[in-house]
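Student: I would like to learn how to read a model of this kind, feature by feature. Could we go through it together, with the general idea first and the particular case after it?

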Amino acid sequence: MQPTVLFDLDGLLIDSEPVWDAAKREVFGPLGLHLTAEMQAATRGLRQRDMVAHWFDRATIHADPDDVEQQIVAAVCRRLEGVALKPGAEHAVAACARASRAMAVVSSSPESVIRHALASTGLDRFFDAVFSAEDDEHGKPHPGAYLRAAAALGASPDACIVIEDSFNGVLAGVSARMTVVAVPEAADRCDPRFAIATLVLESLKDLDTSVFGAYVSGGSREATWAPSAADPQPSSIVGSGLHG
C-alpha cells in the first residue's frame, strides 16, 4: 500500500529555526524578555499563538499578544528569502513523492509562511497540499492538524507517515496513531522521549522509503534508531514504539 506522507516544515525541511529564534529575540527583547537557547527549545514545534501565550503566562510583558505574534511572523518573512534546505531534504521529498499516494506539509507556521518557504526553496512542486495549524482550535502537540490533513487527502491515519523534527510534532503524529519518523536536531538526539516514534533518523539523507510498506501494512512498529556509521548514537534513545 502506498502511504500518504505528511512532512513538518521548520527545522525539518528548511533551516528556519535560527530564523524564528532571531525573530523572537528581535521582538521580545525590547519588551524585556530575553530568550535563551533553552527557552527557545522549550516552545519548538508550537504555533506562534501558543508560543506567545506561553511566554505571556510566564513573564510580565506589557504588549498586545496578537501584535507580538504578527511582528514575529513579519520578521520571519523578511528573513526567509534564501533560507537553506536541511541536509537530505530534497532527496527525502523527491523519494517520498515517488513512493506515496499523496504528500502534504503540515506545519504550525501560518500558511503564508509555509507557502513562501516552499516557493523560495522550490519544494512546492512536490506537494499536493499544505495545512497550517494556525486557525485550529489546538496546535501541535494536539493531533488535530494531522487528522485534518489525512481526512482532506482521503487517507486513514494508519496509512499515513508523519516526518517530524520536534518532540511536540512527534507527539502530535503519535497521538494521531500514524507512523512517525523523527529526525531530531543534533542537540536533541539523546532525548529519550523520541523513542515514541516508529523510526528515529540522524538525517533526512538516511530516509529509506522502501521500509514504508512494512509500517503502513501492519508490520512491526518497535522504535529503532538509524545512525550513520560515523556517528553512532546511544542506545538509550531506542525504546517502545507505537502500539496498535
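Student: Let us begin with confidence: over which residues does pLDDT stay under 50, and how many contacts beyond four places in sequence does the model have for them?

Tutor: This is a predicted model, and pLDDT is the predictor's confidence in each residue. The stretch in question is residues 218–244, where pLDDT stays under 50 and for which the model has 64 contacts beyond four places in sequence. For the protein as a whole the average pLDDT is 87, with 89% of the residues scoring at least 70.

Student: What does the secondary structure of the protein come to, and what percentage of its residues count as buried?

Tutor: The protein has 9 helices and 7 strands, and 55% of its 244 residues count as buried. The accessible surface comes to about 10400 Å², and carbon and sulfur atoms account for 51% of that area.

Student: Are Phe-7 and Phe-127 buried or exposed?

Tutor: Buried means under 20% relative accessible area. Phe-7 is therefore buried, at 0% relative accessibility, and Phe-127 is buried as well, at 11%.

Student: Why is the pair of Phe-167 and Phe-194 called edge-to-face?

Tutor: Planes over 60 degrees apart count as edge-to-face. The planes of Phe-167 and Phe-194 stand at 85°, with the ring centres 6.1 Å apart, so the pair is edge-to-face. Here too distant parts of the chain are linked: Phe-167 is in helix 8 (residues 167–175) and Phe-194 in the loop between strand 5 (179–182) and strand 6 (199–201), 27 residues apart. Both Phe-167 and Phe-194 are buried.

Student: Which residue lies over the face of Phe-167?

Tutor: That residue is Arg-193, which lies over the face of Phe-167 at 4.1 Å from the ring centre.

Student: How should I read salt bridges, and how many does the structure hold?

Tutor: Side chains of opposite charge can pair when their charged atoms come close. The structure holds 15 salt bridges. Among them is the one between Lys-140 and Asp-8, whose closest N and O atoms are 3.1 Å apart. It links distant parts of the chain, with Lys-140 in the loop between strand 3 and helix 7 (144–152) and Asp-8 in the loop between strand 1 and helix 1 (17–28), 132 residues apart. Lys-140 is buried at a relative accessible area of 2%, and Asp-8 is buried at 7%.

Student: Which residue forms a salt bridge with Asp-50, and which with Glu-90?

Tutor: Asp-50 is bridged by Arg-47, the closest N and O atoms being 2.9 Å apart; Arg-47 is buried, with a relative accessible area of 3%, while Asp-50 counts as partly exposed at 24%. Glu-90 is bridged by Arg-125, at 3.0 Å between the closest N and O atoms. Arg-125 lies in the loop between helix 6 and strand 3 and Glu-90 in helix 5 (residues 89–99), so this bridge ties together parts that are 35 residues apart in sequence. Arg-125 is exposed, with a relative accessible area of 55%, and Glu-90 is partly exposed at 38%.

Student: Which residues are linked in a network of salt bridges?

Tutor: The network links Glu-17, Asp-21, Lys-24 and Arg-44.

Student: Finally, where is Leu-123 found, and what does Leu-123 touch, not counting residues up to four places away in sequence?

Tutor: Leu-123 is found in the loop between helix 6 and strand 3, and is buried with a relative accessible area of 0%. Not counting residues up to four places away in sequence, Leu-123 touches Leu-13, Leu-85, Glu-90 and Leu-118. Leu-123 and Glu-90 are 33 residues apart in sequence, yet 7.4 Å apart in space from C-alpha to C-alpha.

Key: Residues numbered from 1 in each chain as written. Predicted model: local features only at pLDDT ≥ 70, side-chain atom pairs only at ≥ 80, totals over all residues. Heavy atoms only, no water. Helix = DSSP H or I, 4+ residues; strand = E, 2+ residues; numbered from the N terminus. Buried < 20%, exposed > 50% of the residue type's maximum accessible area, 1.4 Å probe, protein only. Areas by Shrake-Rupley, 256 points an atom, 1.4 Å probe, with all protein chains shown as cover. Phe/Tyr/Trp six-rings, centres within 6.5 Å; stacked < 30°, edge-to-face > 60°. Lys NZ or Arg CZ within 6 Å of the ring centre and 35° of its normal. Salt bridge = Lys/Arg side-chain N within 4 Å of Asp/Glu carboxyl O. pLDDT = per-residue confidence, 0-100. Contact = heavy atoms within 4.5 Å.
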